[in-house]
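Take a look at the sequence and the structure, and keep both in view while you work.

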Amino acid sequence: MSESPHDPTSGAPEPGDAQDAAIATLVRDDRRFELLLGRTLGIGIAIATVLLAAGLLWWILAPQVYAADRLLRAGLIALMCVPVGRLIVSLVEFAAERDWVFFAIVSGVLSVLGGTLWVALS
Amino acid sequence: MSLGLVAVVSLVGGLAGLIGSLLGLGGGIFLVPFFVIGLGLPFQQAAAISLMTVIATSSAVSAGTAGKRLINLRLGMVLEIATTLGGLLGGVTAMALSPRTLTAIFAATTAAMGLVMAKQAGAARIEPLPPDADVGRIGGRFYDAEHGREIAYRVRRLPVGLFFSFIAGNISGLLGIGGGILKTPVLNAWCGVPIRVAAATSSLMIGVTAVSTVPIYYAEGHIMPPIAAAGVLGVLVGSRAGLWWGERAGARNLKRLMSVVLFAVSASMLWRLW
């Protein structure tokens, strides 16, 4: 069994092994990052859905109630924050990886969204 | 605003989400004409509600595909600079244009997309690099389940990708649709990104793109909360059902049908102008 050239436990490493291992690490890291962002989006969408559903139910039962409108608006704003949350998690991740190029890129996207907010509020 | 209206909007949202996910489009391309023609809403209100549903489907779909390594996160974030700039500009422009002009732009855009779709032969074949190739910072690798192998690819012509991402963001902000219908073929055919990766990455991007526009609509009072909530909830349920159904029926890449649908949408908007 130990004769197999691709058996990682066998004697001297093949020249390609180090590179394979490096790729495997990269792939695993990317997958972890992807899952982290996926979870962020999933949790965000769950919160927004609950707020919107509760608000809509309240509004159906009592359309004139101020609280129903508040709840609906909270749900809509929560929904708008979901992709922003994903960007902020990415920003933290890139900072942790010391990947300053992508830190700058995500900061750029967030600045454009800041510009949108500025236009909306003015 | 009546209870009946909310019920109709959630049903139509469900239907748009279902058809959209079966055809690989967002629901927005159906929702906007329905709101404008069917319910007689002003164009900006229709676009605003549609954009809220775009955020919801983008987030839900990306949460579902995460971990399959189909989303190229780094490429997505680079292109998001362009889509959000386009979206911001589109939102500002949409506030200044008349509903009539916007309806005309919508009709012209969907007709053009239908034309492109009819001409397209299908997904471009990407010649995969050797598995250990250097894919650069924004290239990627993914496991192609269809062919049972690892595919490595490099992103080519990034400026072209950036330019079309800006245009897609602009159209998204102006018309209230996602814009994936424009980005996905460009990323595939010109930038060398495998079609499934291009679609998944575009799905991720349209959420952020919509956020670069929607606060402007919201602040201008174009969003009626109960209707927007009904649309969002309907689309979420519908697109989930569509994904489930599509996986069973294998209904994918129906380019010809998509093209017909786009022409129908365009014609209905033109009819509205008359």
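The exercises below go from whole chains down to single residues.

This is a predicted model, in which local features need pLDDT of at least 70 and side-chain atom pairs count only at pLDDT 80 or more, while totals for chains, interfaces and linings use all residues. Residues are numbered from 1 along each chain as its sequence is written, and chains are lettered from A and ligands numbered from 1 in the order in which they are written.

**Exercise 1. The two chains**

Describe the secondary structure of chain B and of chain A.

*Solution.* 
- Step 1: Helices (H or I, at least four residues) and strands (E, at least two) are DSSP runs, numbered from the N terminus.
- Step 2: Chain B has eleven helices and two strands, in the order α-α-α-α-α-β-β-α-α-α-α-α-α.
- Step 3: The radius of gyration of chain B, taken over C-alpha atoms, is 18 Å, close to the 19 Å of the globule rule for 274 residues, so chain B is as compact as a globular protein of that length. That rule is 2.2 Å times the number of residues to the power 0.38.
- Step 4: Chain A has three helices and zero strands, giving the pattern α-α-α.

**Exercise 2. Burial and contacts in each chain**

Find what percentage of the residues of chain B and of chain A count as buried.

*Solution.* 
- Step 1: A residue is buried if 20 or more other C-beta atoms lie within 10 Å of its own, exposed if 12 or fewer, and partly exposed in between, with C-beta atoms placed from the backbone.
- Step 2: In chain B, 58% of the 274 residues are buried; in chain A, the figure is 28% of 122 residues.
- Step 3: Now turn to contacts, which are pairs of residues whose C-beta atoms, placed from the backbone, lie within 7 Å. Taking contacts with a separation of 6 or more, residues 24 or more positions apart account for 81% in chain B and 41% in chain A.

**Exercise 3. The largest nonpolar core**

Which residues touch the most other members of the largest nonpolar core?

*Solution.* 
- Step 1: A nonpolar core is a set of buried Ala, Val, Leu, Ile, Met, Phe, Trp, Tyr and Cys residues joined through C-beta atoms within 7 Å.
- Step 2: This core has 114 residues, and Val32(B), Met52(B), Ile55(B) and Val232(B) touch the most other members. Helix H3 (residues 43-65) of chain B gives the most to the core, with 13 residues.
- Step 3: Look at Met52(B): leaving aside neighbours within four places in sequence, its contacts include Leu76(A) and Leu79(A) in one chain and Val214(B) and Val232(B) in the other.

**Exercise 4. Where the chains meet**

How many residues does each chain bring to the contact?

*Solution.* 
- Step 1: Chain B brings 44 residues and chain A brings 46 residues.
- Step 2: On the side of chain B that touches chain A, helix H4 (73-96) of chain B gives the most, with eleven residues.
- Step 3: That side of chain B has 31 nonpolar, eight polar and five charged residues. Here Ala, Val, Leu, Ile, Met, Phe, Trp, Tyr, Cys and Pro count as nonpolar, Asp, Glu, Lys and Arg as charged, and the others, Gly among them, as polar.

Notes. Contact = placed C-beta atoms within 7 Å.
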